[in-house]
Amino acid sequence: MEVYMNNYFDYLIVGSGLFGSIFAYEATKRGKKCLVIDKRSHTGGNIYCENKDTINIHKYGAHIFHTNDTNIWNYINQFSKFNNFINSPIANYHGEIYNLPFNMNTFSKIWNIRTPQEAFNIINKQKSIISTTPKNLEEQAISLVGTDIYEKLIKGYTEKQWGRDCKSLPPFIIKRLPVRYTYNNNYFNDTYQGIPIDGYNNIIKKLLNNIEVRLNTDFNLCRDIYSTISNKIIYTGSIDSYFNYKFGALDYRGLKFETYKLEQNNYQGVAVMNFTDKDTPYTRIIEHKHFEFGNQPITYITKEYPSNWKIGDDAYYPINDDKNQKLYKKYFNLAKLNNNIIFGGRLGEYKYYDMDQVINSALKLVTKELN
């Protein structure tokens with residue numbers, strides 16, 4: 001025990017993504033002694049980038065920062081200024097190209113029309129086939145955008161993403177589907193958008209400066225050591241893994257990535273291209289240089305494949321259906337019995353978070369725990 005008492009910490013932070021790194025930074029600033037551990041060989045969680053040939057490659061999928069919260073924007077700008085990248089993805093349906101989100105450019109291409117009223121009339125007519133409260137994702141999507149857009153731009157992509165038929169998926173997954181009757185290809189409505197000019201890695205580096213970090217360290221494999229060296233634990237791994245899957249494993253969707261270097265300066269002309277037919281096995285191709293308006297003579301692309309998740313795999317998307325929410329509630333109630341551990345972030349809270357929401361959640365914990 002004396003070995004560990006010499007290195008005793010106020011907080012052990014499990015996971016060095018945004019949530020854990022921000023808490024560690026704020027706690028250290030307040031005089032607390034923190035140790036950050038991460039089972040991966042790098043810090044940063046899913047926002048980690050690999051730099052190859054001066055191109056930042058988003059190793060775990062595209063991460064585009066966007067928020068309407070001025071306080072969150074000002075907070076993250078302490079660590080990096082952001083460029084003015086605007087996400088304007090393209091949908092590719094069997095080689096047919098459409099703008100996203102669904103807007104007048106999309107409608108004009110599909111129906112050869114030009115006015116918002118024409119688009120409204122067509123969508124209204126098509127969605128009228130759903131006359132009751134939508135019972136599944138298919139009915140929800142049709143009730144929002146009609147049958148043509150559903151069949152071409154939603155059905156195949158969604159079924160690949162979730163590995164299930166749209167009729168068996170809950171309607172809430174797609175309740176916030178953006179539909180615009182303007183010629184506006186800006187995917188997000190947020191006031192503040194961009195990619196950090198210094199890269200995401202440098203944000204994490206600044207957050208964890210002068211904080212002890214141990215990589216390649218899996219808390220659940222070293223529990224006998226790491227559960228005894230701090231007053232409290234901030235755990236950003238999956239809540240069910242912390243409790244050794246006592247009630248069973250929560251469900252997630254996994255992702256697999258294939259990245260290629262291409263000897264050309266521009267592969268697809270856009271950072272994100274979604275493949276919305278069911279036959280193409282990947283959901284999208286990311287061309288990383290476009291996030292930072294690169295003009296390098298070569299390019300890197302990543303094909304993103306959804307996959308079935310199993311224990312031991314990286315978990316990306318929680319499946320928040322009724323069954324899993326009931327299971328999560330059991331773990332949440334169990335966690336409440338232990339005042340020395342706090343669960344946070346996407347996996348700890350079993351919740352889909354955008355980056356600004358992760359930051360907000362971490363800062364709320366800072367206020368509650370440290371102020």
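1. In strand β14, the residue that bridges to I285 is K303. The two strands concerned, β13 (residues 284-287) and β14 (residues 299-308), pair in the antiparallel sense over four bridges, where helices (H or I, at least four residues) and strands (E, at least two) are DSSP runs numbered from the N terminus, and two strands are taken to pair if DSSP finds at least two bridges between them. The model under discussion is a predicted one, in which local features need pLDDT of at least 70 and side-chain atom pairs count only at pLDDT 80 or more, while totals for chains, interfaces and linings use all residues. Residues are numbered from 1 along each chain as its sequence is written, and side-chain values use heavy atoms, with hydrogens and water left out.

2. Strands β13 and β14 belong to an open sheet of seven strands with mixed pairing, ordered β7-β6-β12-β13-β14-β11-β15. Its edge strands are β7 and β15 (317-318), each of which pairs on one side only. At the β7 end, strand β6 (residues 90-93) and strand β7 (residues 96-99) pair in the antiparallel sense over four bridges, and N92 has I97 of β7 as its bridge partner. The two strands form a hairpin with two residues between them, and H94 in the turn has a positive phi of about 50°.

3. Strand β2 (residues 34-37) is covered on both faces, since C34 and V36 on one side and L35 and I37 on the other are all buried; buried here means under 20% relative accessible area, exposed over 50%, and partly exposed in between (1.4 Å probe, protein chains only). In a regular strand the side chains alternate between the two faces of the sheet. Strand β1 (residues 9-14) runs parallel to β2 and is joined to it by four bridges, with I13 standing opposite V36.

4. The backbone oxygen of V14 lies 2.6 Å from a polar atom of the T236 side chain, a polar contact being a pair of N or O atoms within 3.5 Å, of which, within protein, one must be able to donate a hydrogen and the other to accept it, while residues adjacent in sequence count only if both atoms are side-chain atoms. T236 is placed in the loop between β10 and α9 (239-242), and at 17% relative accessibility T236 counts as buried.

5. Helix α6 (residues 137-162) deserves a careful look. A straight helix of 26 residues would span 38 Å at 1.5 Å a residue, yet α6 spans only 11 Å between its end C-alpha atoms; the expected span is 1.5 Å times one less than the number of residues. The helix bends by about 120° at G146, the bend being the angle between axes fitted to the seven residues ending there and the seven starting there. Because 20 of its 26 residues are buried, α6 is largely enclosed by the rest of the structure.

6. The two ends of α6 can be described separately. At its start, a side-chain oxygen of N136 reaches to within 3.1 Å of the backbone nitrogen of E138, and after its end comes G163, whose phi is positive, near 70°.

7. The structure holds 16 salt bridges, each defined as a side-chain nitrogen of Lys or Arg within 4 Å of a carboxyl oxygen of Asp or Glu. One of them joins the side chains of E139 and K135 (3.4 Å, N to O); E139 is buried, with a relative accessible area of 17%, whereas K135, at 59% relative accessibility, counts as exposed. Another joins E212 and R214 (2.8 Å, N to O), and here E212 is partly exposed at 35% relative accessibility, as is R214 at 25%. A network of salt bridges also links E26, K29 and R30.

8. The salt bridge between the side chains of E369 and K232 (2.7 Å, N to O) links distant parts of the chain, with E369 in helix α12 (residues 355-370) and K232 in strand β10 (residues 230-235), 137 residues apart. At 22% relative accessibility, K232 counts as partly exposed.

9. G344 is found in the loop between β16 (341-343) and α11 (345-348), and at 0% relative accessibility G344 counts as buried. G344 and F19 are 325 residues apart in sequence but 7.0 Å apart in space, C-alpha to C-alpha.
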